[in-house]
Amino acid sequence: MTKIALFASGSGSNVQAIAEAVQAGSVPAEIVLIVCDKPEAFVLERADKLGIPTFAFLPREYESKEAFETDIVSRLRAAGAEYVFLAGYMRLIGPTLLEAYRNRIVNIHPSLLPAFPGKDAIGQAFDAGVKISGVTVHFVDEGMDTGPIIDQECVRIDSGMTRDDLQKAIQQIEHSLYPNVITNLLNGNREDYNR
Ligand code: GRF
(Lines give C-alpha, C1' and ligand atoms only; values in the text may rest on other atoms or scores of the structure.)
Protein backbone atom coordinates (compact mmCIF):
# COMPACT_ATOMS: atom_id res chain seq x y z
CA MET A 1 0.00 0.00 0.00
CA THR A 2 1.31 3.44 -0.86
CA LYS A 3 1.60 5.70 2.15
CA ILE A 4 0.03 9.10 1.65
CA ALA A 5 -0.43 12.28 3.67
CA LEU A 6 -3.33 14.71 3.38
CA PHE A 7 -3.09 18.44 4.11
CA ALA A 8 -6.15 20.48 5.09
CA SER A 9 -7.08 23.75 6.81
CA GLY A 10 -10.85 23.59 7.16
CA SER A 11 -13.84 21.30 7.25
CA GLY A 12 -12.11 18.34 5.67
CA SER A 13 -14.98 16.91 3.64
CA ASN A 14 -12.46 15.84 0.99
CA VAL A 15 -10.30 14.21 3.65
CA GLN A 16 -13.39 12.34 4.81
CA ALA A 17 -14.24 11.21 1.26
CA ILE A 18 -10.69 10.01 0.62
CA ALA A 19 -10.49 8.23 3.99
CA GLU A 20 -13.81 6.47 3.38
CA ALA A 21 -12.64 5.37 -0.07
CA VAL A 22 -9.43 4.04 1.50
CA GLN A 23 -11.45 2.17 4.14
CA ALA A 24 -13.73 0.75 1.46
CA GLY A 25 -10.67 -0.56 -0.37
CA SER A 26 -11.21 1.51 -3.51
CA VAL A 27 -8.11 3.69 -3.02
CA PRO A 28 -4.94 1.59 -2.68
CA ALA A 29 -3.33 3.70 0.01
CA GLU A 30 -2.72 4.09 3.70
CA ILE A 31 -3.25 7.59 5.08
CA VAL A 32 -0.32 7.95 7.46
CA LEU A 33 -0.69 11.60 8.47
CA ILE A 34 -3.06 14.54 8.25
CA VAL A 35 -1.26 17.89 8.37
CA CYS A 36 -3.26 20.94 9.41
CA ASP A 37 -2.16 24.54 9.88
CA LYS A 38 -5.27 25.48 11.92
CA PRO A 39 -5.46 23.67 15.26
CA GLU A 40 -9.18 24.52 15.61
CA ALA A 41 -10.16 23.13 12.18
CA PHE A 42 -12.98 20.59 12.00
CA VAL A 43 -10.82 18.27 9.91
CA LEU A 44 -8.94 17.36 13.10
CA GLU A 45 -12.14 16.06 14.71
CA ARG A 46 -12.81 14.02 11.61
CA ALA A 47 -9.25 12.64 11.75
CA ASP A 48 -9.70 11.59 15.38
CA LYS A 49 -12.91 9.74 14.54
CA LEU A 50 -11.22 8.13 11.55
CA GLY A 51 -8.27 7.12 13.73
CA ILE A 52 -5.71 8.86 11.51
CA PRO A 53 -2.63 10.51 13.08
CA THR A 54 -2.43 14.28 12.78
CA PHE A 55 0.15 17.01 12.90
CA ALA A 56 -1.49 20.36 13.70
CA PHE A 57 0.71 23.42 13.95
CA LEU A 58 0.50 27.20 14.19
CA PRO A 59 2.61 28.83 11.49
CA ARG A 60 3.16 31.93 13.64
CA GLU A 61 4.99 29.84 16.21
CA TYR A 62 7.76 29.24 13.70
CA GLU A 63 10.39 31.70 12.52
CA SER A 64 9.61 31.22 8.85
CA LYS A 65 7.82 29.11 6.26
CA GLU A 66 11.09 27.27 5.72
CA ALA A 67 11.12 26.39 9.43
CA PHE A 68 7.59 24.94 9.57
CA GLU A 69 7.98 23.17 6.25
CA THR A 70 11.21 21.59 7.51
CA ASP A 71 9.26 20.31 10.51
CA ILE A 72 6.48 19.02 8.24
CA VAL A 73 8.99 17.23 5.97
CA SER A 74 10.59 15.47 8.92
CA ARG A 75 7.17 14.32 10.17
CA LEU A 76 6.16 13.17 6.69
CA ARG A 77 9.39 11.19 6.40
CA ALA A 78 8.99 9.70 9.87
CA ALA A 79 5.50 8.55 8.87
CA GLY A 80 6.84 7.17 5.58
CA ALA A 81 4.59 9.34 3.39
CA GLU A 82 5.34 8.93 -0.32
CA TYR A 83 2.75 11.38 -1.70
CA VAL A 84 1.05 14.51 -0.41
CA PHE A 85 -2.53 15.39 -1.37
CA LEU A 86 -3.71 18.88 -0.54
CA ALA A 87 -7.40 19.02 0.31
CA GLY A 88 -8.31 22.57 1.22
CA TYR A 89 -4.86 23.48 2.59
CA MET A 90 -4.93 27.27 2.38
CA ARG A 91 -1.21 27.96 1.97
CA LEU A 92 1.23 28.17 -0.88
CA ILE A 93 3.68 25.31 -0.78
CA GLY A 94 7.27 26.58 -0.46
CA PRO A 95 10.57 25.31 -1.87
CA THR A 96 11.34 23.15 1.18
CA LEU A 97 8.31 20.90 0.66
CA LEU A 98 8.43 21.11 -3.13
CA GLU A 99 12.01 19.89 -3.22
CA ALA A 100 11.37 17.09 -0.71
CA TYR A 101 8.27 15.84 -2.58
CA ARG A 102 9.02 16.85 -6.18
CA ASN A 103 6.15 15.83 -8.50
CA ARG A 104 4.49 14.11 -5.57
CA ILE A 105 2.27 16.93 -4.30
CA VAL A 106 -1.23 17.17 -5.76
CA ASN A 107 -4.00 19.70 -5.12
CA ILE A 108 -7.74 19.93 -5.75
CA HIS A 109 -9.21 23.29 -6.76
CA PRO A 110 -12.90 24.18 -7.14
CA SER A 111 -12.80 25.71 -10.64
CA LEU A 112 -11.75 24.78 -14.14
CA LEU A 113 -8.16 26.06 -13.98
CA PRO A 114 -6.61 28.20 -15.33
CA ALA A 115 -9.87 30.08 -14.70
CA PHE A 116 -10.42 31.43 -11.19
CA PRO A 117 -7.23 30.49 -9.32
CA GLY A 118 -6.73 31.54 -5.71
CA LYS A 119 -9.24 32.11 -2.94
CA ASP A 120 -13.02 31.72 -3.24
CA ALA A 121 -12.92 30.19 -6.71
CA ILE A 122 -16.59 29.24 -6.41
CA GLY A 123 -17.60 32.83 -5.61
CA GLN A 124 -15.36 34.15 -8.40
CA ALA A 125 -17.01 31.84 -10.96
CA PHE A 126 -20.48 32.63 -9.66
CA ASP A 127 -19.91 36.39 -9.75
CA ALA A 128 -18.42 36.19 -13.25
CA GLY A 129 -21.64 34.64 -14.48
CA VAL A 130 -19.95 31.74 -16.29
CA LYS A 131 -22.25 28.94 -17.35
CA ILE A 132 -19.74 26.16 -16.78
CA SER A 133 -17.34 25.74 -13.91
CA GLY A 134 -15.99 22.64 -12.23
CA VAL A 135 -13.13 20.99 -10.40
CA THR A 136 -9.44 20.57 -11.22
CA VAL A 137 -6.89 18.19 -9.77
CA HIS A 138 -3.32 19.24 -10.55
CA PHE A 139 0.29 18.76 -9.56
CA VAL A 140 1.60 21.50 -7.33
CA ASP A 141 4.40 23.81 -8.40
CA GLU A 142 5.65 27.07 -6.90
CA GLY A 143 2.71 29.09 -8.27
CA MET A 144 -0.82 29.61 -7.00
CA ASP A 145 -2.91 26.83 -8.62
CA THR A 146 -0.62 26.76 -11.67
CA GLY A 147 0.86 23.23 -11.84
CA PRO A 148 0.19 20.66 -14.60
CA ILE A 149 -3.44 19.61 -14.76
CA ILE A 150 -4.14 15.94 -14.02
CA ASP A 151 -7.91 15.81 -14.44
CA GLN A 152 -11.00 18.02 -14.52
CA GLU A 153 -14.74 17.65 -14.32
CA CYS A 154 -17.31 20.31 -15.14
CA VAL A 155 -20.52 21.57 -13.56
CA ARG A 156 -23.19 23.50 -15.47
CA ILE A 157 -24.42 26.60 -13.70
CA ASP A 158 -28.09 26.65 -14.57
CA SER A 159 -30.16 29.79 -14.17
CA GLY A 160 -31.72 29.89 -10.73
CA MET A 161 -28.75 28.15 -9.16
CA THR A 162 -27.47 29.89 -6.02
CA ARG A 163 -23.88 30.15 -4.93
CA ASP A 164 -24.66 27.47 -2.30
CA ASP A 165 -26.11 25.17 -4.96
CA LEU A 166 -22.92 25.58 -6.96
CA GLN A 167 -20.79 24.84 -3.92
CA LYS A 168 -22.78 21.66 -3.21
CA ALA A 169 -22.50 20.51 -6.82
CA ILE A 170 -18.75 21.16 -6.85
CA GLN A 171 -18.15 19.37 -3.56
CA GLN A 172 -20.13 16.37 -4.70
CA ILE A 173 -17.86 16.08 -7.74
CA GLU A 174 -14.74 16.60 -5.64
CA HIS A 175 -15.64 13.73 -3.37
CA SER A 176 -15.62 11.23 -6.21
CA LEU A 177 -13.03 12.82 -8.52
CA TYR A 178 -10.23 13.13 -5.96
CA PRO A 179 -10.31 9.49 -4.78
CA ASN A 180 -10.43 8.37 -8.44
CA VAL A 181 -7.43 10.47 -9.42
CA ILE A 182 -5.47 9.28 -6.39
CA THR A 183 -6.23 5.68 -7.33
CA ASN A 184 -5.09 6.21 -10.93
CA LEU A 185 -1.92 7.96 -9.85
CA LEU A 186 -1.00 5.30 -7.31
CA ASN A 187 -1.78 2.52 -9.76
CA GLY A 188 0.69 4.09 -12.17
CA ASN A 189 -1.94 4.96 -14.77
CA ARG A 190 -0.19 8.19 -15.50
CA GLU A 191 -0.26 8.27 -19.29
CA ASP A 192 -3.05 10.88 -19.25
CA TYR A 193 -1.18 12.88 -16.70
CA ASN A 194 2.11 13.37 -18.54
CA ARG A 195 1.72 15.42 -21.66
C1 GRF B 1 -12.49 22.29 -1.59
O2 GRF B 1 -13.51 22.91 -2.32
C3 GRF B 1 -11.22 22.25 -2.37
O4 GRF B 1 -11.41 22.22 -3.75
C5 GRF B 1 -10.56 23.55 -1.99
O6 GRF B 1 -10.88 23.73 -0.64
C7 GRF B 1 -12.12 23.09 -0.36
C8 GRF B 1 -11.92 22.23 0.85
O9 GRF B 1 -13.13 21.72 1.33
N10 GRF B 1 -9.14 23.51 -2.27
P11 GRF B 1 -13.12 20.60 2.47
O12 GRF B 1 -12.34 21.16 3.65
O13 GRF B 1 -12.48 19.37 1.90
O14 GRF B 1 -14.56 20.40 2.82
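Let's start in the loop that runs between strand E6 (132-139) and strand E7 (149-156), where Asp 145 is found. Keep in mind that this is a predicted model. Asp 145 has a positive phi of about 60°, although it is not a glycine. With a relative accessibility of 14%, Asp 145 counts as buried, because the cut-off for that class is under 20%.

What about a charged partner for Asp 145? Asp 145 has no salt bridge, and the nearest side chain of opposite charge, Lys 119, is 10 Å away. There is a polar contact, though: the side chains of Asp 145 and His 109 are joined at 3.4 Å. Leaving aside residues up to four places away in sequence, Asp 145 touches Asn 107, His 109, Leu 113, Pro 117, Gly 118 and His 138.

## The loop between E5 and H5

The peptide bond from Leu 113 to Pro 114 is cis, with omega near 10°. Pro 114 sits in the loop that connects strand E5 (105-109) to helix H5 (121-128).

Phe 116 is in the loop between E5 and H5. Its phi is positive, at about 55°, although Phe 116 is not a glycine. Is Phe 116 buried or exposed? Its relative accessible area is 18%, so Phe 116 is buried under the 20% cut-off.

## Salt bridges

The structure holds four salt bridges, and three of them are described here. Arg 163 pairs with Asp 120, and the closest N and O atoms are 2.7 Å apart. This pair links distant parts of the chain, with Arg 163 in helix H6 (residues 163-186) and Asp 120 in the loop between E5 and H5, 43 residues apart. Arg 163 is partly exposed at 30% relative accessibility, and Asp 120 is partly exposed as well, at 44%.

Asp 71 and Arg 75 form another salt bridge, where the closest N and O atoms are 2.9 Å apart. Why are these two separated by about one helical turn? Because they are four residues apart in helix H3 (residues 65-79). Asp 71 counts as buried at 17% relative accessibility, while Arg 75 counts as partly exposed at 37%. There is also a salt bridge between Arg 156 and Asp 158, with 3.6 Å between the closest N and O atoms. Here Arg 156 is exposed, with a relative accessible area of 52%, and Asp 158 is partly exposed at 44%.

## The overall fold

Stepping back, the protein has six helices and seven strands. Along the sequence they follow the pattern β-α-β-α-β-α-β-α-β-α-β-β-α. The radius of gyration is 16 Å, close to the 16 Å that the globule rule gives for 195 residues, so the protein is as compact as a globular protein of that length. Taken along the principal axes, the C-alpha atoms fill a box of roughly 50 × 35 × 35 Å.

Buried residues account for 49% of the 195 residues. Among contacts between residues at least 6 apart in sequence, 62% join residues at least 24 apart. The protein exposes about 9600 Å², and carbon and sulfur atoms supply 48% of that area.

How values were computed:
Residues are numbered from 1 along each chain as its sequence is written. This is a predicted model: local features need pLDDT of at least 70, side-chain atom pairs count only at pLDDT 80 or more; totals for chains, interfaces and linings use all residues. Side-chain values use heavy atoms; hydrogens and water are left out. Buried means under 20% relative accessible area, exposed over 50%, partly exposed in between (1.4 Å probe, protein chains only). Lys and Arg count as positive and Asp and Glu as negative; His and the chain ends are not counted. A polar contact is a pair of N or O atoms within 3.5 Å; within protein, one must be able to donate a hydrogen and the other to accept it, and residues adjacent in sequence count only if both atoms are side-chain atoms. Contact means heavy atoms within 4.5 Å. The radius of gyration is taken over C-alpha atoms; the globule rule is 2.2 Å times the number of residues to the power 0.38. Accessible areas come from the Shrake-Rupley method with a 1.4 Å probe; for residues, only the protein chains shown count as cover.
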